Amino acid sequence: MSSTKLLQIGSISDRMRDALAEAFEIDVLADQSDRAAFLAERGGDYPAVVTTAGLPDDVLSAATGLKVVSSFGVGYDSIDAEACAARGILVTHTPDVLNNEVANTFVMLWLAVSRDLLGSERHARSGAWAKDGAYPLTRSIQGRRVGILGLGRIGQTIADRCEAFDAEIHYHSRSRKDVPYTYHDSPVALAQAVEVLVAITPGGAETEHLVNAEVFDALGPEGLFFNLARGSVTDEAALIQALLDKRIAGAGLDVFEAEPKIPDALKEMENVVLLPHVASATYETRAAMGDLVVRNLLQWQKDGSVLTAVPECRDL
């Protein structure tokens, strides 16, 4: 197999690098002291890109010979897939391999918020149990009405997990699915019908602030909100105000609008559990994601096809 020039954007694991090095000549964008000069002089030399950090506009413009972009992650809102498709550039992502881990993280957050895991742990660790007595009662997750905003692959896996807790499952997606769950035609209608709302829809302009003040009002003062999608899906200021006003009961968040920055107001709330965007962050899942990134590139080098093209590129 002949060597092909590959531009690396972001960091990749040693496992990925070793697998790619057998078929590709890898140059790392971050290693270039003069990025603009490098792209102007050599950007057209790269038919392939591997990225863990999107596809910046300057790279897309300079890479005149680009044919394939293999992206690490299921979300790809940091890549202009439509522009790539218009130029005949295949863009791939890593769906399915992280479904279980993200769904498991939702269950972890749901339990942590409902049962006040962090507060009760502090009660035990601090000695307050011995000094002040038993911890207050918390809420069960059993038999709840759960709304899934975005019933894609991960959303379906979350639904599967919820069934183990006898949940009544509702959903909203761009279109109805052939599933035995209750469909609602808007996020507001979904929120009105449930006690627990989880966002797992793709990011991007179409879903920016899809979850807003109106949705929180519909969810109500006993409702819980969880976001494992993208920070942009939630109007963060509206979420903070809804929590401060007790218009919803609590939240569990893995993503934020200005990552890695998290508003101080959220950090100060005891009814909110915060994670640093780690829903898929296990050794096993990240290795599987990396392997799929590599397989997409090797398949493209072999015959020009890819295994997991993003929807915008599936007809190329």
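## The second largest pocket

In this predicted model, the lining of the second largest pocket is made up, by class, of 13 nonpolar, six polar and eight charged residues. The lining comprises 27 residues in total, and those that lie nearest the centre of the pocket are Val-113, Ser-114, Arg-139, Leu-224 and Ala-249. The space in this second largest pocket comes to about 570 Å³.

Several elements of secondary structure contribute to that lining: at least two residues each are supplied by helix 5 (99-114), by helix 6 (117-126) and by strand 12 (272-274).

## Nonpolar cores

The largest nonpolar core holds 40 residues, and among its members Leu-20, Phe-24 and Leu-55 touch the most others. The element that gives the most to this core is helix 13 (residues 283-303), which provides four residues. There is also a second, separate core of 32 residues, and its members include Ile-158, Tyr-183, Leu-228 and Val-273.

Apart from residues up to four places away in sequence, Thr-4 touches Ala-23, Phe-24, Glu-25, Pro-47, Trp-300 and Gln-301.

## The cavity and Asn-227

The model has one cavity of 30 Å³ or more by the rule applied here, and the space in the largest cavity is about 40 Å³. The residues that line the largest cavity are Asn-227, Gly-231, Thr-234, Glu-236, Leu-239, Leu-253, Val-255, Phe-256 and Glu-257. Sorted by class, this lining has four nonpolar, three polar and two charged residues.

Asn-227, one of the lining residues, is placed in strand 10 (residues 224-227). Its relative accessibility is 1%, so Asn-227 counts as buried. A polar atom of the side chain of Asn-227 lies 3.1 Å from the backbone oxygen of Arg-230. Not counting residues up to four places away in sequence, Asn-227 touches Ala-199, Thr-234, Gly-252, Leu-253, Asp-254 and Val-255, and of the residues lining the cavity, these contacts include Thr-234, Leu-253 and Val-255.

Thr-92 is found in strand 5 (residues 90-92), and because its relative accessibility is 0%, Thr-92 counts as buried. The side chain of Thr-92 makes a polar contact, at 3.3 Å, with the side chain of Ser-70. With its neighbours within four places in sequence left aside, Thr-92 is in contact with Val-69, Ser-70 and Ser-71, as well as with Asn-296, Val-306, Thr-308, Ala-309 and Val-310. Between Thr-92 and Ile-248, which are 156 residues apart in sequence, the distance from C-alpha to C-alpha is 38 Å.

Ala-85 lies in helix 4 (residues 81-86), and with a relative accessibility of 16% Ala-85 also counts as buried, since the cut-off for that term is under 20%. When residues up to four places away in sequence are not counted, Ala-85 touches Glu-312, Cys-313 and Leu-316. Ala-85 and Lys-67 are 18 residues apart in sequence, and their C-alpha atoms are 9.9 Å apart in space.

## A loop residue: Gly-203

Gly-203 is located in the loop between strand 9 (196-199) and helix 10 (213-219). Its relative accessible area is 22%, so Gly-203 is partly exposed, a term that covers values between the buried limit of 20% and the exposed limit of 50%.

Leaving aside neighbours within four places in sequence, Gly-203 is in contact with Asp-77, Arg-230, Ser-232 and Val-233. Of these, Arg-230 is the residue whose backbone oxygen lies 3.1 Å from a polar atom of the side chain of Asn-227. Gly-203 and Pro-56 stand 147 residues apart in sequence and 17 Å apart in space, taken from C-alpha to C-alpha.

Terms used:
Residues numbered from 1 in each chain as written. Predicted model: local features only at pLDDT ≥ 70, side-chain atom pairs only at ≥ 80, totals over all residues. Heavy atoms only, no water. 1 Å grid on protein atoms, 1.4 Å probe; cavity = no way out; pocket = protein on both sides within 12 Å on 5 of 7 lines; lining within 4 Å. Points joined across faces, edges and corners; volume = space filled by probe spheres on them. Nonpolar A, V, L, I, M, F, W, Y, C, P; charged D, E, K, R; others polar. Core = buried A, V, L, I, M, F, W, Y, C linked by side-chain atoms within 4.5 Å. Buried < 20%, exposed > 50% of the residue type's maximum accessible area, 1.4 Å probe, protein only. Polar contact = N/O pair within 3.5 Å; in protein donor to acceptor, adjacent residues only side chain to side chain. Contact = heavy atoms within 4.5 Å.
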